[in-house]
Amino acid sequence: MNQPVFVLNTNAKRENQKEAQQGIFLAVKSVASIIKTCLGPKAMLKMILDPMGTTVVTNDGNAILREIDVTHPAAKSMIELSRAQDENVGDGTTSVVILAAEVLASSELFIEKKIHPHYIIKAFRMALDDSLSIVDQYSVAIDLKNRPEVLKVVQSCIGTKFIGKWGSLMCNLALDAVMTVHIQEEDGRSEIDIKRYAKVEKIPGGDISDCRVIKGVMLNKDVTHPKMKRKIKDPRIVLLDCSLEYKKGESDTMVDITNEDDFSALLKIEEEYVQRICEDIIKLKPDLVFTEKGVSDLAQHFFVKKGITCLRRLKKSENNRIARISGATIVSRTDELQESDIGTCGLFEIRKIGDEYFTFLEECKEPKACTILLRGASKDILNEVERNLTDALNVARNIVLDPRLVPGGGAIEMALSQALSEKSKSIEGLHQLPYKALAQSLECIPKILAQNCGANTVKLLTELRAKHATNPTENYTYGVDGDNGTIVDMKQLGVWDTHSVKVQTLKTAIESACTMLRVDHIASAASKQ
């Protein structure tokens, strides 16, 4: 009688309500503690050895968390936050994790007091709605034609990174690249596809100051035949998606030959096929032929006779970029080629950089794709520069798509904290305390900025709080100068954040904290061996 009934696998690990909630709070705090020191201009770097044995040295929140292997499901969820932030707006990956951890930590007290999580979640949601409307009030519109102003915003993003020293150069690179790939549709819709059309090429050697934006396409390719031209002005370009060689059978092909003439006939058929597809191309009189597949020796021979330069085995993405800058159409069959499929660019040239040959297609009339050429002392430096530049590109894209700014340096967080604390006084019932706790947890950003530059945190935060409390409508731009550890008006310092990044950070951090609060049981499905 009264035998215990085992419903779940006895080997499965289970945590009940209290254990699960405590475990989540601990896991989230420990993930945030890893990247706390990576916030602000005086950020420290992390050195991570990845599974492949290569060393990653960076202070990019997403790059650090991506390399870390964690087991707790809540910690995995925090790392996903950083990735989601990176994919959506490309910046604020460190602050979103810190803020989510702080918001969750602020609710720990209420959980211990046995306040039901649904009260806390409702208060947090109210605070999120209010904070979004306050951010809209405090946002400032920017004129995209005023280039120095836009560069200042990109600079405030790069200032916290490794390439801060070459800030103005990198800001100009990012803005030039974004403006090049920006397409304004007739219906007013904007499209900026950095991933596909702004390619970053890293070549070790040279100096970081040699980096530049090529308003065209650069490929790590050389011509297929040594006698082909290496420099052509205003070339006629044909883009192909088919091979210029005899098609081989899909599987093993058996041919029975009874006399030697049959073998010659077979070779002749192959040659005629290659000659036919080459004649289809030659009759359009192109100067340049690019194909994603192979080019046989015979095809090269025909092209050299007609003075046509040919490059083979391009990536699909490279072909798409050439199509975008030249106006050519990618064709899958040579017999379908028409005059309208041909594109052009100002200059085709092959240059030698270091030990390798690179193909340049530039001086286009309206290039809607570009290549960012990065130079640096070593591969590690180039990888870090690329990570930082990607952030700068995303910030520049966000400004172009949504040209609104909010003050940086923890100023907007402090202003939000002040406004929500005031508003919490008018909220009745159980919701008031969690609402106020969230308002106070927003102070973590200016607090960590002050900590990371070695300032007296308590003194600085008290002064900043007083500044915002005395005149919230005027002093909302006051924040922490992360270099000197003083309170400064961000308008004068010129440190601004993009509106879209701040809104996304608040939404992601508070929504994820609400999701975590609703968890009351963790059961690992995998049985322990």
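Author: Two strands pair if DSSP finds at least two bridges between them. Helices (H or I, at least four residues) and strands (E, at least two) are DSSP runs, numbered from the N terminus. This is a predicted model, in which local features need pLDDT of at least 70, side-chain atom pairs count only at pLDDT 80 or more, and totals for chains, interfaces and linings use all residues. Residues are numbered from 1 along each chain as its sequence is written, and side-chain values use heavy atoms, with hydrogens and water left out.

Reader: How many bridges join strand 19 to strand 22?

Author: Strand 22 covers residues 496-498 and runs antiparallel to strand 19. Within this pairing, V406 stands opposite D497. The number of bridges joining the two strands is three.

Reader: At what angle do helix 4 and helix 5 pack?

Author: Two packed helices are described by the angle between their axes and the distance between the axes. The axes (lines fitted to C-alpha atoms over the stretch in contact, with angles from 0 to 180 degrees between N-to-C directions) of helix 4 (residues 93-112) and helix 5 (residues 117-138) are 10 Å apart. The packing angle is about 140 degrees.

Reader: How many residues of the contact of helix 4 with helix 5 are nonpolar?

Author: From helix 4, V103, S106, S107, F110 and I111 meet P117, I120 and F124 of helix 5, where contact means heavy atoms within 4.5 Å. Of these residues, two are polar and no residue is charged, while the nonpolar ones number six.

Reader: How many residues apart in sequence are the parts tied together by Y138 and Y476?

Author: Ring centres within 6.5 Å make a pair, stacked if the planes are under 30 degrees apart, edge-to-face if over 60 and tilted for the rest; the count comes to two aromatic pairs. Y138 and Y476 are stacked, at 4.4 Å centre to centre and 5 degrees between the planes. Y138 lies in helix 5 and Y476 in the loop between helix 17 (472-475) and strand 20 (478-481), so the parts tied together are separated in sequence by 338 residues.

Reader: Is the pair of Y246 and Y273 stacked or edge-to-face?

Author: The ring centres of Y246 and Y273 are 5.6 Å apart. Their planes stand at 90 degrees, so the pair is edge-to-face.

Reader: Is Y246 buried or partly exposed?

Author: Buried means under 20% relative accessible area and exposed over 50%, with partly exposed in between (1.4 Å probe, protein chains only). Y273, at 18%, counts as buried. Y246 has a relative accessible area of 32%, so Y246 is partly exposed.

Technical notes:
Nonpolar A, V, L, I, M, F, W, Y, C, P; charged D, E, K, R; others polar. Phe/Tyr/Trp six-rings, centres within 6.5 Å; stacked < 30°, edge-to-face > 60°.
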